[in-house]
Amino acid sequence: MSSGNSRKSTRSKPAYKKGTEKPDTKDPSSKPPAVPTDTIRIANELNHQTYFIGGVKVHFPFKPYPSQLGMMNHMIKALSQSKNTMIESPTGSGKSLALLCAALAWQRDFSEKNKKRLAMVRQIIRKYVVGGASVPFLPNSNKDKVDADIGKDDPDVLGSGDVKSDLIVKPEPGARKSGIENLFETVACMLPDASATNKDTSLDTKDSKKDTGSSHLDCNSGSDSDSDFISKKPVEQTRTSQDSQKTDSSKTAEQKDSKDSSIEYQLTFAYLKLSSTVNYIIQASEISIPAGLTEKDIDVLKDFKDNNYAQSTPRIYFGSRTHKQVSQLVEELRGKSAYRMQTAVLGSRAQTCTNYNALNSGAIDEECRYLVDENKCGPYRQYHRLSSHSRLRPGGNLEIWDIEDIVGLGKSIFACSYFAARDLAATADLVFCPYNYILDPGVREAAGIDLRDNIVILDEGHNVENAAREAGSIEITDQQLGILVSECQMLSRDGHLPSTHQFVGTFAEGLANWLQDGSDEYDYQDFDSLTAVWPKRGASVQNLFDRLLITQAFITRLDFVYSELEDFAKQQRADKEEFRVNELISFQRNGKGNQEEDNDDESSGGHRSKYNSLSPGCMRVIGGLLRVLKQMASPNEPFYRDYRIAKIRRKNTAAANKTSSNNKRKRTNVAVLSVPDHINILAFWAMNPGVIFSEISSLTRSVILTSGTLSPLNSYASELQMPFSSTLEANHVIDPSRFAAMSIEYGPSGTLLEAKYQTINMLDFQDDIGRALCSIAASCPDGMLVFAPSYSLLSKLFARWGTTGIFDTLDSFKRIYIEPQGGPKDEFETLLKSYREGLEKDRVPGKSLPQGSIMFAVYRGKVSEGIDFSDYFCRTVVNIGIPYPAFKDVKVTLKREYNDSRASLEFMHELATPDNNMLSGSLWYEIQAFRAINQALGRCLRHKNDWGAVIMLESRFSNAWNVCKLSKWIRNYMRSFRTFDDAMSELDVFYKTRIAEDEAAAAAASLSSSLDSTTAVNTPVPISEKIFKSEDPDTEKISDD
Ligand code: SF4
């Protein structure tokens, strides 16, 4: 029996939401794929090679670089051992492709091994039963009794594993099936089909051959009704004389049928009680090996038990920092790998909504929830049609799809891509999403991401420490609390759960009053805000909770109330749905509805008043508060000390804008809405990313964290407060001779190049930085990037250079571009386009100077992450200063203090372990700066044949302590120069050598192509070779399949 068949035959009908339409089965586009997709076939077609890495067969498009082999090996090992790992590999080293191929190869291998193991166990149990042994705990011999005996929540029923995925059956979109229906579907897959039965033991072979006409449990029959699981009675036939003569033989046959039925019944039960049966046989074998079995069989059962019985194949959640980076991953999978499976990409409503009016409403999330609740969105009613579309399923031409693909298809069939993507993600083998979807518990739940026993890969993971702390934090304004109070009052007044809404409303009102009360002493002040923070000297968090009447009993009650409100909202939606259905029926019968339709079209502007449960925004406020309160309310909670509570009073910039516009409006008598001068904010700031990662770590099978800039790795692991069994720092694929890494202590005029707070205002420093850049720009071909710690430093430099003529000198060597601070995304895109186009035009032979462009940008800015400046788009990255986070920022100060106190506490109590040694505040602070530098340095040198220079105009890099915090590929080759002239002499030689090499290579390529074109006249290249040959020159095999 092929598992593919079993899945097909046992897949239950899709669950459709009430009020939604079933897929249009007449639509030819929604038919199942005609040709099943096959990774091996595609790998052969694409001429991919197969490698055995860590015992797993991996298809790869070309001979992997050693760093790629190392990454794949490392990853497969971690996945096999269910461990977390951290991999740093420089940008351009083929990291994404290696990770995708290794993860998918391992997933495939896991699934196949699991299937084989399950099939062997099945055979052993069959041998055990037909050998005459009884199955333990067997109930009465009828199916109804089995239904009764095996409760739907029986944990043993699926063999101690919720056997989902391709082993058994995948849950239908949006619905977790349970009960006897699911169990019997499960068993249908686990039981042998007719052909498999024929190949069973000798006794079995004989019987089953006779029995095929009344096969009970044939998964390949294509039927998934329960009748498949009940022995079909032999057709009654009128006895003839001939029959009479066969009475004896018939009796024998009936006895055999009866025996077969009994065996099949026992097998049904044994497979349902898989783990119990396996345990029973193992225990029985300790006295003596049961009849029909061998010691080898018992070993197989023991191995099955040790491997946690029949496991589901883990789903892979692959997260990257932004949607753009997610798209690059999808492209990598689609364009370069041979792996094909069901995929999904999760995006926001703003990206995927196919309802034009909702999209342009200005508040898409709220509008969508309203339209869905009110059944007023046409595309929503069609989303199942999109999620079951054959083009998006394995074998379809969009089987690996990106957001623009599903949105395009959704628009063409008027179906919602947002809900279709979620539907597809519920059953996908590989789900792509930005990593905040995985980190943020609220977003995770809303997106339907289930991490249990699955795999999480976080690419571009250098920011996850910050992202996790943000995901674990919450900020609530007094305006949000005001809305919550008024909604609670309205619902309570209208008789909807009055006491519950009063409880929530009173609590919210108390918080809002406290926020607006200015009697607390503020601890921090900057130009637009005042902040008070707890715990503080003389006032612990407990003191604050006592003031706000937040007790353990209160939190327990709030937890209960939140569940009650969720249930109430669900019930309200269900009631509305029922009402709509009744109205429809009544309309069809009588030509009119039971009740007059409310005049609630959107033009009335009053439709929001039809909510009779709390709005989603208010539910998010309560849910977020509850989550943090539960984590920090008691000293027994693991994160009791890991939050800081802040009360912030901030100037309302909207009020200033309003004032200026109000001045104009006064003349036109337009009613002026009151806008408060200040916003009061209640913040719960998570200081420890472990708040998020401890849960993720406990839920998942493995977490793989990767980036080009995780260094220093050990400290990063301790920052995340998550156990990583191993770390890998891969080398760059570029030959060291193709890049120059240098630090320079003194500028051309002998000024110490140290961009500290005290020195950046000195004119000598500013001038020498300018002169140094002019010299480098004159020597460096093509593109050049310059990173500075802040926009304010850049402004100072430009102002000075404008008066000294340095700016003009620089301009004579290169076109100058400056990264805009803030502003619309389009503005930056246009600037970037212009930068690139200028460099492309420079390639035109005979073009006169200036040759090249220079882009000034800041660390952690738009240019420093996620943009590829390969080849001539960037031949040099220059770094000015060390970009430490803003020293006076309240959150930075609190984080430093927290780390110091936590580190000393751990030291005092000897709590520190290799996985749990908190960095000191100052070390954490330093590492933030060096990670930003590493990120900026990774903009150039993007592939094996690239070349370039990285130059630190900063004397502090003559200190080895600072160099060791850089990524491995730089730190090992960093050279320190005391004088600028010495450094420039080296740099000149480097540029000239590389340019000469490029020219020689171009001349050789030109000669070769002219020879090729002559040869091609006589020797046509086969089309398959043109299409499928890898572009990489080193395509020789390491080891064949
Ligand atoms: S259901 Fe889909 S199409 Fe309709 S408003 Fe929401 S996101 Fe848009």
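Is Ser-870 buried or exposed? In this predicted model, Ser-870 has a relative accessible area of 14%, and because buried means under 20%, Ser-870 counts as buried. Ser-870 belongs to the loop that runs between strand E18 (853-858) and strand E19 (876-880). Apart from its neighbours within four places in sequence, Ser-870 is in contact with Arg-942, His-943 and Asp-946.

With one residue placed, the chain as a whole can be described. The chain has 1041 residues, of which 51% count as buried. Its secondary structure consists of 41 helices and 21 strands. Among the contacts in the chain with a separation of 6 or more, 80% are between residues 24 or more positions apart. The accessible surface of the chain is about 48600 Å². Carbon and sulfur atoms account for 51% of that surface.

The space that the ligand takes is the second largest cavity.

How many disulfides does the structure hold? The number is 0. A disulfide would need a pair of cysteine sulfur atoms within 2.5 Å.

Gly-347 sits in the loop between strand E5 (343-345) and helix H14 (349-352). Its relative accessibility is 1%, so Gly-347 counts as buried. Leaving out residues up to four places away in sequence, Gly-347 touches His-323, Thr-352, Ile-403, Tyr-418, Arg-422 and Tyr-437. Another, Ile-403, is 56 residues from Gly-347 in sequence, while the two C-alpha atoms are 7.2 Å apart in space.

Trp-106 gives a case inside a helix. This residue lies in helix H4, which covers residues 95-130. At 3% relative accessibility, Trp-106 falls under the 20% limit and so counts as buried. Which residues does Trp-106 touch, not counting those up to four places away in sequence? They are Val-56, Ile-76, Leu-79, Ser-80, Pro-314, Ile-455 and Arg-701. For Ile-76, the separation from Trp-106 is 30 residues in sequence and 6.4 Å in space, taken from C-alpha to C-alpha.

Asn-47 is placed in the loop between helix H2 (39-45) and strand E1 (49-53). With a relative accessible area of 36%, Asn-47 is partly exposed, because that class covers the values between 20% and 50%. Asn-47 and Ala-338 are 291 residues apart in sequence, and their C-alpha atoms are 9.5 Å apart in space.

Trp-534 and Pro-535 are joined by a cis peptide bond, with omega at about 0°. Pro-535 is in the loop between strand E10 (529-534) and helix H26 (541-547).

Two leucines have a positive phi although neither is a glycine. For Leu-497, phi is about 40°. Leu-497 lies in the loop that connects helix H24 (478-493) and helix H25 (498-516). Its relative accessibility is 22%, so Leu-497 counts as partly exposed. For Leu-549, phi is about 60°. Leu-549 is found in the loop between H26 and helix H27 (552-590). At 65% relative accessibility, Leu-549 is over the 50% limit and therefore counts as exposed.

Key. Residues numbered from 1 in each chain as written. Predicted model: local features only at pLDDT ≥ 70, side-chain atom pairs only at ≥ 80, totals over all residues. Heavy atoms only, no water. Helix = DSSP H or I, 4+ residues; strand = E, 2+ residues; numbered from the N terminus. Buried < 20%, exposed > 50% of the residue type's maximum accessible area, 1.4 Å probe, protein only. Contact = heavy atoms within 4.5 Å. Areas by Shrake-Rupley, 256 points an atom, 1.4 Å probe, with all protein chains shown as cover. 1 Å grid on protein atoms, 1.4 Å probe; cavity = no way out; pocket = protein on both sides within 12 Å on 5 of 7 lines; lining within 4 Å. Sits in = over half its atoms within 2 Å of the grid points.
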